[in-house]
Amino acid sequence: LRPPRYRAMASASASSSESPLLRSFLSAVTKPYLEKNQTAVLAMKLIQDQDGEEPLCFDHFAFRTFGIDGCGISSIAQLFLDLGYEARDELRFPAKKLRALWFAPPGQTSKGAQHNELFEGPLPRIFISELLVEELSNDAQTVISKYTRNAAQLSKHAAIASILNSLPWPTPSAQDYKILARESEYAAWTLVNGYALNHLTISVHQLRSQIKKITELNNFLQAKGIKLNSEGGILKVSPDGGLLQSSTVADSVLFSFAGDEILRVPASYIEFAERLVLEKYLDLPASEIQEWHRREGFEVGNADKIFESTSSNQTGVH
Ligand code: OOG
Ligand code: NI
């Protein structure tokens, strides 16, 4: 078994507080994602073929929610909090009527007894957003609450819906989907995908070959025919220059709505993040660089564009 290559967080004391359940859960969440999202699987395979044997490291996992009836961020965050994650910064997206919170993993990454193929690296951050439902039109609110009211009772168990690839509310009607899609593509996505993993993000700076630079990786993937989200340019760069992100365009899948109507809807995508070493640590030898020496957190300007990975203007599915 290969040891993880770095600690996910800056924790001096390496006392283990990590439950084996955490890695099992993270792995289970990726199962339906890998079954459903061919482009994500292809991208991961291309990267591993190019980069060599070692397992990929994940920067973060992301989920979307409806911020109403107990179905918002807290519903899916609870399990992560109970497993030792800590809430960090809030990000706001007024134009999209969204807010997000990210959570830092418990401060150690030593492997438990349970070996887990996909998941032996450092623990990912968790990024959870929620739609500010009360800011939408009455029509959209009426549609959403029809479903969330039904799921309110189960919101404590959002994580189960996530690993079982099951919606927590009744199968939606195509009409309701269309009403939401007109006003908020995020709302429409969440209605048909529920608590499914929205994306996982490969930690680009943890790769070993030349694709550990994200511009090289983007060129490599595009040359292999993978379509990247072009909103505001392929590469999203934070104002401080330290957080560089790109993502694929979401795959679309056939969805059976209530009454057997079948439509193409967006599923999930895969993201790539490179975190540069902070200026004050630039003198450290490369072999000593840990994850906490790098740019932490997220960036509203980047995220705003990454949200568009599931939008019809990127997927081309209307
Ligand atoms: C999340 C988009 C933002 C990031 O890393 O900033 C994001 C989403 O599409 O739900 O993933
Ligand atoms: Ni992301």
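Is glutamate 308 buried or partly exposed, and what is its relative accessibility? Glutamate 308 counts as buried, at 13% relative accessibility. This is a predicted model. A search of the whole structure finds 19 salt bridges.

**Lysine 96 and glutamate 308**
- These two residues form a salt bridge, with the closest N and O atoms 3.0 Å apart.
- The pair links distant parts of the chain, 212 residues apart.
- Lysine 96 sits in the loop between β2 (86-93) and β3 (98-104).
- Glutamate 308 sits in the loop between α9 (300-306) and α10 (312-315).
- Lysine 96 is partly exposed, at 22% relative accessible area, whereas glutamate 308 is buried.

**Arginine 99 and glutamate 130**
- Arginine 99 forms a salt bridge with glutamate 130, and their closest N and O atoms are 2.8 Å apart.
- Arginine 99 is buried, with a relative accessible area of 18%.
- Glutamate 130 is buried too, and its relative accessible area is 11%.

**Glutamate 261 and lysine 178**
- Glutamate 261 forms a salt bridge with lysine 178, the closest N and O atoms lying 3.7 Å apart.
- Glutamate 261 is in the loop between β8 (252-256) and β9 (262-266) and lysine 178 is in helix α6 (residues 174-183), so the pair ties together parts 83 residues apart in sequence.
- Glutamate 261 counts as partly exposed, at 35% relative accessibility.
- Lysine 178 counts as partly exposed, at 40%.

**A network**
- Salt bridges link Asp59, Arg125, Arg275, Glu291 and Glu296 in a network.

Methods:
Residues are numbered from 1 along each chain as its sequence is written. Chains are lettered from A and ligands numbered from 1 in the order in which they are written. This is a predicted model: local features need pLDDT of at least 70, side-chain atom pairs count only at pLDDT 80 or more; totals for chains, interfaces and linings use all residues. Side-chain values use heavy atoms; hydrogens and water are left out. A salt bridge is a side-chain nitrogen of Lys or Arg within 4 Å of a carboxyl oxygen of Asp or Glu. Helices (H or I, at least four residues) and strands (E, at least two) are DSSP runs, numbered from the N terminus. Buried means under 20% relative accessible area, exposed over 50%, partly exposed in between (1.4 Å probe, protein chains only).
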